[in-house]
Amino acid sequence: MITILATIFVFAVIVLVHEWGHFITAKLTGMRVDEFAIGFGPKLWSRRRGETVYSVRALPLGGFNQIAGMTEEQAAEEQVPREKAFIYKSAPARLLVICAGALMNFVLAYVLITGVFLTNGMSTVDDRPIVGTILPTATASVQQLEPGDRILAIQNEPVTHWREISPLMQTHRGEVVSLRIERAGEERTIEVIPGEAEGRVVLGIMPNVLQRDLSFGEALREGYNRCVDILRQMYAGLAELVSGKGDASGFAGPLGIAQMAGSVASIGFVNLILFTAILSLNLGVINLLPIPLLDGGRLVVIVVESLLGRHLDEKVLYYIQMTGAAVLFMIFIFATGNDLWRLFR
């Protein structure tokens, strides 16, 4: 049940905010919006206000808005006045409407992350060599350590920073290692046998995590910095995938996202909010990729039409859309395959 509710929450929030970006900019630029819907499937409730029908539908996984006259053919069939049709608006107006969905996803992520910083403060890892947590996977000898112990030396090599612990341990695989520690103001020496994880020698301890409150200005700054860092990582990952250097096994589809949403929701609501923010950034980035049927593909078409000084032929647009549909279908199949592999593995 937690997984279902968390999935509905995540998809509803990020998709609705995305569609609202398209909706509000379409209205502001004088386009006709025939419907703005919350959810998909059969209508449960609807009401017309002005030119637009506002509706609530049965499947609460996001929503959509129907902008009139997206193509010349649609404008003619729907008898949309030229001043109200998307296709006949200026290139800047159309670019704004198409970009607005992704931009609102970026804004949503910034607001959510900043809100978490403002209400929960910021956690930073203490670089002092003080034991914060003993992992359950630590060897029995390592479990002699206690939270609060300060590691002074490893095999008589002085330790002043947490980051020095791991490099010093790598040359002692399977050996008995002497640790000089300070506990409650007293120095003592203990001997431990480290463990292994993913081919590395580890003690099985974690550092202290320090928590501090942030002012409103600090929260705004840290929220921006965190969003920029996440976006950099996303674009770096995409660049590696395109170049063939990246690992696509972590690529997740709807099933994988639902599993992750349930997992983070079981930890706490704050984690679900942060997961929603990261997924919102993902949606914004992916939608701006130059793939037909995505917002990025439409941006390319608008730019090309502006350079040509005319609208592309309907047949050309059809083949472009079919190519985009094929690409998106292959991506969906690949991502779903990854999800099923992780699920049954």
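Is N156 buried or exposed? N156 is exposed, at a relative accessible area of 72%. Here, buried stands for under 20% relative accessible area, exposed for over 50%, and partly exposed for values in between (1.4 Å probe, protein chains only). The model is predicted: local features need pLDDT of at least 70, side-chain atom pairs count only at pLDDT 80 or more, and totals for chains, interfaces and linings use all residues. Residues are numbered from 1 along each chain as its sequence is written, and side-chain values use heavy atoms, with hydrogens and water left out.

Backbone angles come next. Most residues other than glycine have a negative phi. N156 has a positive phi, near 70°. This residue lies in the loop between strand 5 (150–154) and strand 6 (157–158). Strands are DSSP runs of E with at least two residues, helices are runs of H or I with at least four, and both are numbered from the N terminus. L293 also has a positive phi, near 85°. The loop that holds L293 runs between helix 7 (269–287) and helix 8 (295–308). L293 is partly exposed, with 42% relative accessibility.

Aromatic contacts were then examined. The structure holds 5 aromatic pairs. Rings of Phe, Tyr and Trp (its six-membered ring) pair if their centres lie within 6.5 Å; planes under 30 degrees apart count as stacked, over 60 as edge-to-face and the rest as tilted. F40 and F64 form a stacked pair, because their ring centres are 6.1 Å apart and their planes stand at 20°. F40 belongs to strand 1 (residues 33–49) and F64 to strand 2 (residues 52–67), so this pair ties together parts that are 24 residues apart in sequence. Both partners are partly exposed: F40 has a relative accessible area of 33%, and F64 has 22% relative accessibility.

Y318 and Y319 make an edge-to-face pair, because their ring centres lie 5.6 Å apart and their planes meet at 70°. Y318 is partly exposed at 44% relative accessibility, whereas Y319 is exposed, with a relative accessible area of 53%. One aromatic cluster is formed by F23, F36 and Y54.

A charge also sits over a ring. The charged end of R82 lies over the ring of Y88, 3.9 Å from its centre. The criterion requires NZ of Lys or CZ of Arg within 6 Å of the ring centre and within 35 degrees of the ring normal.
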